[in-house]
Amino acid sequence: WPRFALAFDLSTPRLQPAPQPPGAEMASMGYFNVDNGFLEAVVRGFRSGILTAADYANLQQCDTVDDMKLQLQGTDYGNFLQGEPSPLSTNTLALKCTQKLVEEFEHLRVQAVEPMATFMEYVTYGYMIDNLMLIITGALHDRDTNELMAKCHPLGMFEGLSAASIPNTAKDLYEMVLVETPIGPYFTDVLSLWRQPQVGERQPGVEDLDELNIEIIRNSLYKAYLEDFHDFVKTKCGGETAEIMGGILELEADRRAINITVNSFETELSKDDKFKLYPSIGQLHPEGTARLALCTDVDQVRAALDPYQDYRNVLVEAGAGEEKSVENSFFELEVQLNKDAFEQQFHYGLFWAYVKLREQEVRLFFLFVFVLRFPCFFSRFFPLFSRRKSNITITLQILISRTLRKRQTARAGGP
């Protein structure tokens, strides 16, 4: 009966979970609640702090970030901007929102036991890849390393990251920086997949860190990461976690496959090169990705996606702005899956979902700030929750109308 066994280690006395009896699954309600019930309750409490329709109705009265600070004091954000000098900038708002998210995530991670502790580590690997690519790309354009480090996401920081700006080849990057990091094994997959071609071979290598190779490395790292994470939730977690997180990761894999295809037009990548970059998971794998690899224009991509109901309208709605449609359409699908994750219990997917929903909320804050200056951003807007759509949409329409009216008055020379 004892679920926890006392570890008699005088150096680090702590409670550790005892092995599960044979045949017991992670998704079992009893076993799940013993190890993870408290943290699930905590993250659901964090989730209830996401802004409501009434909060957004109050934000419609704001004209500056300082006004937003006053309105947000009455929410779960509280006094997170206390001590910041006025006038507040959008960068300060984003930084403080991210810091709050990181503090909540770390509060959950330090209390997690296996396999949830490993799951929480997997959540951070994507940010590590993004930070690594930011440093490499910035170094390619002679940007200051300290400036680049300040822009890195806190969840993706790892030892030696700042040194990623020094190497000039992919092999040196691995040996000098990544060999001891969590994403190091993914980079070995990249080096083996895109080995330096022999004489007479057409296959490109990724030894030189130029712009094209950096994008190849980015997508290859994400391919390895998504496949590894997907295998973990399917084999080590199982149950509800495998079902919910599997769907979220498969959506991300499909999004990357479509973006790789659209961005590969008029480049040197062949169909075999593109196929190497496609993750081996998702609805599109393998038939859909095989068709995408043959596409040479947007119309062919639309035809390849037509059999898949979820993605049929991803490019159809785009018109002249295909990139906008792909990103926004997948953001909507992702938000819906993250919302649905909170409708079920006894799984780890809601920890991932909470992080992504908070990040989307920060994007909405940016939209509220920028819509006064750039009304064209309204076309990129979609609500975090459908029940808030009318309130936020009306709010932004009012702000846009007010801005346009001010501009017309200024051009006419009126007061």
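Residues are numbered from 1 along each chain as its sequence is written. In this predicted model, local features need pLDDT of at least 70, side-chain atom pairs count only at pLDDT 80 or more, and totals for chains, interfaces and linings use all residues, while side-chain values use heavy atoms, with hydrogens and water left out.

**Exercise 1.** Determine which elements have the lowest and the highest mean pLDDT.

*Solution.* Begin with the whole protein, where pLDDT (the predictor's confidence in each residue, from 0 to 100) averages 80, and 76% of the residues score at least 70.

**Exercise 2.** Identify the residues that touch the most other members of the largest nonpolar core.

*Solution.* A nonpolar core is a set of buried Ala, Val, Leu, Ile, Met, Phe, Trp, Tyr and Cys residues joined through side-chain atoms within 4.5 Å, buried meaning under 20% relative accessible area (1.4 Å probe, protein chains only). Among the 70 residues of this core, they are Phe 119, Tyr 225, Phe 229 and Phe 351, and H5 supplies the largest share, 14 residues.

**Exercise 3.** Describe the surroundings of Leu 350.

*Solution.* First, locate Leu 350 in helix H15 (residues 349-370). Next, note that Leu 350 is buried, with a relative accessible area of 0%. Finally, list its contacts (heavy atoms within 4.5 Å) beyond four places in sequence: Glu 40, Val 43, Arg 44, Ala 341, Phe 342 and Gln 344.

Notes. Helix = DSSP H or I, 4+ residues; strand = E, 2+ residues; numbered from the N terminus. Buried < 20%, exposed > 50% of the residue type's maximum accessible area, 1.4 Å probe, protein only.
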